There are 2 protein chains.
Amino acid sequence: MSLEIERKFLVKNNDFKKASYQQKTIKQGYLSTAKNSTVRVRVSDETAFLTIKGPSNESGTTRFEWEKEIDINEAEQLLLLCEPSIIDKTRYLVKNEHLVFDVDEFYGDNLGLVIAEIELSSEDEVFEKPTWLGKEVTGIEKYYNSKMSKNPFKDW
Amino acid sequence: MSLEIERKFLVKNNDFKKASYQQKTIKQGYLSTAKNSTVRVRVSDETAFLTIKGPSNESGTTRFEWEKEIDINEAEQLLLLCEPSIIDKTRYLVKNEHLVFDVDEFYGDNLGLVIAEIELSSEDEVFEKPTWLGKEVTGIEKYYNSKMSKNPFKDW
């Protein structure tokens, strides 16, 4: 169990793709999207994880997170138990000085949405903002993947 | 991921205690009690497990089950994220020919309730019924531990 401190931004253009050093194909579903905790099943290329997150703090930046790698075949079976619908996305890893942005390009019902996340070691950690980084959306619930699985971008 | 095939009974008297060869103290909570899946955190003496169960079949006997042992300190933290309320019980293991009955004596808001479960290898497996075994309650939802955490025995 650890603290996840994360800020989240929209993305202005596709320049992050040129800067990306790695891509992953991610498919994830939610066994629970309760207010107090979410339970996520994620298949990322050839690995799979079960992740439990606690409630966010007031700013939406920090949450408890518990994560375990699980068998990929078991993860595929657990995805069948998940609430509708499954989130499909490509994650682009983009170096930004000593930190890494995870930039998620969504497909399916969330097609058109691109979100950049950066994990920090403290809420007030300062980091350089690349030119492609747009408006901050940290703590805005509709941008939580767990919310987007129920209320996708196409319905906004 | 495996199939859990289980039948559940009320208990007529305390004779099962004399026949019990082992007891465990169990504390468990639910991160989700959705219709399609439940996510359970269980601390049983010095071990802890995360368990995900799928929906029951029509008879209430069979469900998909996925279980992983987890760190006990992490389990205690995950219990804090669970829905109210936590289930407290003592589990008595009672041999019955080649099978074992798990007899759960509940405390707290479920005090007074004692339930015996037997895990089978097929739905039609025949087993001897001990004299202390009462009415079958397999598939009756209010006897699911996940339901009893929300609607405990004291409110029935």
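**Note on the predicted two-chain model**

1. In this predicted model, 15 residues of chain A are in contact with 15 residues of chain B. On the side of chain A that touches chain B, the elements giving two or more residues are β2 (20-33), β5 (62-70) and α2 (72-79), and the one that gives the most is α2(A), with three residues. Sorted by class, that side of chain A comprises eight nonpolar, five polar and two charged residues.

2. As to the relation between the copies, chain A can be laid on chain B by a turn of 180° and a shift of 0.0 Å along the axis, with an RMSD of 0.0 Å; the two copies are therefore related as by a two-fold rotation axis. The residue of chain A that comes closest to this axis is S32(A), whose C-alpha atom is at 2.9 Å. Of the interface residues of chain A, 100% are also interface residues in chain B, so the copies meet through the same surface.

3. The largest one has 28 residues, and within it L31(A) and L31(B) touch the most other members. If neighbours within four places in sequence are left aside, L31(B) is in contact with S32(A), S37(A), V39(A) and I52(A) of chain A, and with V39(B), V41(B), L81(B) and C82(B) of chain B. S32(A), listed here as a contact of L31(B), is also the residue of chain A that comes closest to the rotation axis. As background, nonpolar side chains tend to be buried together in soluble globular proteins.

4. The C-alpha trace of chain A spans about 40 × 30 × 30 Å along its principal axes. Buried residues make up 28% of the 156 residues in chain A, and, among contacts in chain A with a separation of 6 or more, 62% are between residues 24 or more positions apart.

5. Y30(A) carries the feature "active site" in UniProt, although the entry is unreviewed. This residue lies in strand β2 of chain A, an element that also gives two or more residues to the side of chain A that touches chain B. Y30(A) counts as buried because it has 26 C-beta neighbours inside 10 Å. Not counting residues up to four places away in sequence, Y30(A) touches T38(A), V39(A), R40(A), C82(A), E83(A), S146(A) and S149(A).

6. A last point concerns a loop residue of chain B. N110(B) is found in the loop between β7 (99-106) and β8 (114-119) of chain B, yet N110(B) is buried, with 24 other C-beta atoms within 10 Å. Its contacts, once neighbours within four places in sequence are left aside, are I87(B), M148(B), P152(B) and F153(B). The C-alpha atom of N110(B) is separated by 8.4 Å from that of D88(B), a residue 22 residues apart from N110(B) along the chain.

Notes: Residues numbered from 1 in each chain as written. Chains lettered and ligands numbered in written order. Predicted model: local features only at pLDDT ≥ 70, side-chain atom pairs only at ≥ 80, totals over all residues. Contact = placed C-beta atoms within 7 Å. Helix = DSSP H or I, 4+ residues; strand = E, 2+ residues; numbered from the N terminus. Nonpolar A, V, L, I, M, F, W, Y, C, P; charged D, E, K, R; others polar. Least-squares fit on C-alpha atoms with pLDDT ≥ 70 in both. Core = buried A, V, L, I, M, F, W, Y, C linked by C-beta atoms within 7 Å. Buried ≥ 20, exposed ≤ 12 C-beta atoms within 10 Å, placed from the backbone. UniProt positions renumbered as here; feature names shortened; annotations may be inferred.
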